[in-house]
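Dear colleague,

I am passing on the structure below for you to look over.

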Amino acid sequence: MKAFYCPSFELPLPEGHAFPMAKYRRLYERVRGHAALWGVDLHEPVSASDEALRRVHCPAYIERVRRGTLSPQEQRRIGFPWSEAMARRARRTVGGTLAALEAALRGDGVAVNLAGGTHHAAFDRGGGYCIFNDAVVAARHVQAEGLVRRLLIVDLDVHHGNGTAELVAGDPTVFAFSMHDAKNYPAIKPPSDLDVPLPPGTGDARYLDLLAAHLPAAIAAARPEAVIYLAGADPFVGDRLGQLALSKAGLAQRDRMVFETCRRLGLPVAVAMAGGYAPDVEDIVDIHAETVRLAARAACAAMASCRPSSVHSSP
């Protein structure tokens, strides 16, 4: 299975910044150490092009990110101070999800970006540590390339994907499904195609029951040819920015459910890591690494069955 990583995923931040940026390098090191055992082939993605970004984002906003002319308010909303490294990282992160989706569609069945999941980014603004919306950019890219027409975004980050919901609103070709903490960021949650808001404290059993009920419903409504899966680590119990209570075992079962459902239906899957803010960074790495391991196992089963030419559906 192809997994995509670049050293620029780890952005240098001011001393004391709350974002656990070290998780990306540590995840890469964990995956690299197990790559032969798990069957993972590591690659470095290229940066997303202007053409790819402009299918989704306002050209003036893209230029502000490039040139460092984001206002102080825009930078506060994003949560990162502007730097050339920040602008490079934003494009390379999108490039990782785009590469993973292309790999999954071109015959691999499953592929992973070791970052991404930047679902708070909207047309002309970022937010919540998200600058460009990697899932929607990747979806628009493969549509433009003629690889598929219909996609499903399965967003299992603890936070609602408000940027994604805005960007695909009214478009039947990209279906957004979100299960999230009902009382958490963002304060304003524009409707996704299917939202499952969860009360704080929701644990493994209730979460998995709801996912088992709603994932098939989302697939039936979306009629997708491919899935982009945001496998957030932040539903983990004790996460600093989440209020759900899933265990590591529960999160692994969540991943299995997504991968096994997609494999059974012959749906290629691109995975992005999304959020994770546990006080101990190793907990975040444990969760994401298990997602990668399970994705690699799913890729082995999917290689023979996932072929883009065999899954076209009507518009």
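About 50 Å³ of space lies in the largest cavity, where a cavity is a set of points, on a 1 Å grid over the protein atoms alone, at which a 1.4 Å probe fits but cannot get out, and where a volume is the space filled by probe spheres set on points joined across faces, edges and corners. The model is predicted, so to speak of local features a pLDDT of at least 70 is needed, side-chain atom pairs count only at pLDDT 80 or more, and totals for chains, interfaces and linings use all residues. Residues are numbered from 1 along each chain as its sequence is written, and side-chain values use heavy atoms, leaving out hydrogens and water.

The lining of the largest cavity (residues with an atom within 4 Å of a point) consists of Arg-89, Ala-90, Thr-93, Val-94, Thr-118, Tyr-129, Ile-131 and Phe-132. The whole structure holds two cavities of 30 Å³ or more.

The largest pocket, an open set with protein on both sides within 12 Å along at least five of seven lines, has a volume of about 250 Å³. Of its 22 lining residues, Phe-19, Gly-128, Tyr-129, Cys-130 and Tyr-277 are the closest to its centre.

Helices here are DSSP runs (H or I) of at least four residues, numbered from the N terminus. The axes of H8 (residues 204-222) and H9 (residues 248-264), lines fitted to C-alpha atoms over the stretch in contact, come within 10 Å and cross at roughly 15°, on a scale from 0 to 180 degrees between N-to-C directions. H8 and H9 are therefore roughly parallel, the term for angles under 35 degrees.

Best regards

Notes. Helices (H or I, at least four residues) and strands (E, at least two) are DSSP runs, numbered from the N terminus. Angles under 35 degrees count as roughly parallel, over 145 as roughly antiparallel, 65 to 115 as roughly perpendicular and the rest as oblique.
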